[in-house]
Amino acid sequence: MNNRYFIDVDTYAESERGKGYATLAAVSLISHYLVQEMLPLWETTHENVASHKLALRLGFEPVESYPVFAFVMEG
């Protein structure tokens with residue numbers, strides 16, 4: 001499985017969301033690596049609906065579901 005890599009997209013500025021930038025960036029990256037016979041994997045949390053929609057739009061299919069844990073610093 002050395003020909004797989006993880007891809008994700010973070011759009012921090014809410015004003016920049018929904019403009020297609022993430023789709024364009026992901027398509028460019030995936031296309032670049034497909035030529036090199038590298039296959040992308042997409043991970044996201046259950047709650048990240050926008051990420052799910054983007055992954056499906058890009059042709060990904062859900063194959064696994066597992067919990068994601070975060071260490072939260074209070075302060």
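Me: Which element gives the largest share of the lining of the second largest pocket?
Reply: In general, rolling a probe the size of a water molecule over the atoms shows where empty space is left. Here helix 2 gives the largest share of that lining, five residues. A pocket is an open set of points on a 1 Å grid over the protein atoms alone, where a 1.4 Å probe fits, with protein on both sides within 12 Å along at least five of seven lines; lining residues have an atom within 4 Å of a point. Helices (H or I, at least four residues) and strands (E, at least two) are DSSP runs, numbered from the N terminus.
Reply: This is a predicted model, in which local features need pLDDT of at least 70 and side-chain atom pairs count only at pLDDT 80 or more, while totals for chains, interfaces and linings use all residues. Residues are numbered from 1 along each chain as its sequence is written, and side-chain values use heavy atoms, with hydrogens and water left out.

Me: What is the volume of the second largest pocket, and which residues are the closest to its centre?
Reply: The second largest pocket has a volume of about 530 Å³, a volume being the space filled by probe spheres set on grid points that are joined across faces, edges and corners. Of its 23 lining residues, V9, T11, N48, A50 and S51 are the closest to the centre. Helix 1 (21-35) and helix 2 each supply at least two residues of this lining.

Me: Where does S51 lie, and is S51 buried or exposed?
Reply: S51 lies in helix 2, which covers residues 49-57. Its relative accessibility is 12%, so S51 counts as buried; buried means under 20% relative accessible area, exposed over 50%, and partly exposed in between (1.4 Å probe, protein chains only). Leaving aside residues up to four places away in sequence, S51 touches W42 and T44, where contact means heavy atoms within 4.5 Å.

Me: How much space lies in the largest pocket, and which residues lie nearest its centre?
Reply: The largest pocket holds about 720 Å³ of space. Its lining has 22 residues, and W42, E43, T44, P62 and E64 lie nearest the centre. Strand 2 (39-42) and helix 2 are the elements that give two or more residues to this lining. Helix 2 again has the largest share, with four residues.

Me: How many aromatic pairs does a search of the whole structure find?
Reply: A pair of aromatic rings is described by the distance of the centres and the angle of the planes. The search finds two pairs. Rings of Phe, Tyr and Trp (its six-membered ring) pair if their centres lie within 6.5 Å; planes under 30 degrees apart count as stacked, over 60 as edge-to-face and the rest as tilted. The ring centres of Y5 and Y33 are 4.8 Å apart and the planes stand at 45°, so this pair is tilted. Y5 belongs to strand 1 (residues 4-7) and Y33 to helix 1, so the pair ties together parts that are 28 residues apart in sequence. Y5 is buried at 12% relative accessibility, whereas Y33 is partly exposed at 29%.
Reply: W42 and F60 also form a tilted pair, at 5.4 Å centre to centre and 50° between the planes. W42 lies in strand 2 and F60 in the segment after helix 2, so this pair ties together parts that are 18 residues apart in sequence. Both W42 and F60 are buried.

Me: In what order do the elements of the chain run?
Reply: From the N terminus on, the order is β-α-β-α.
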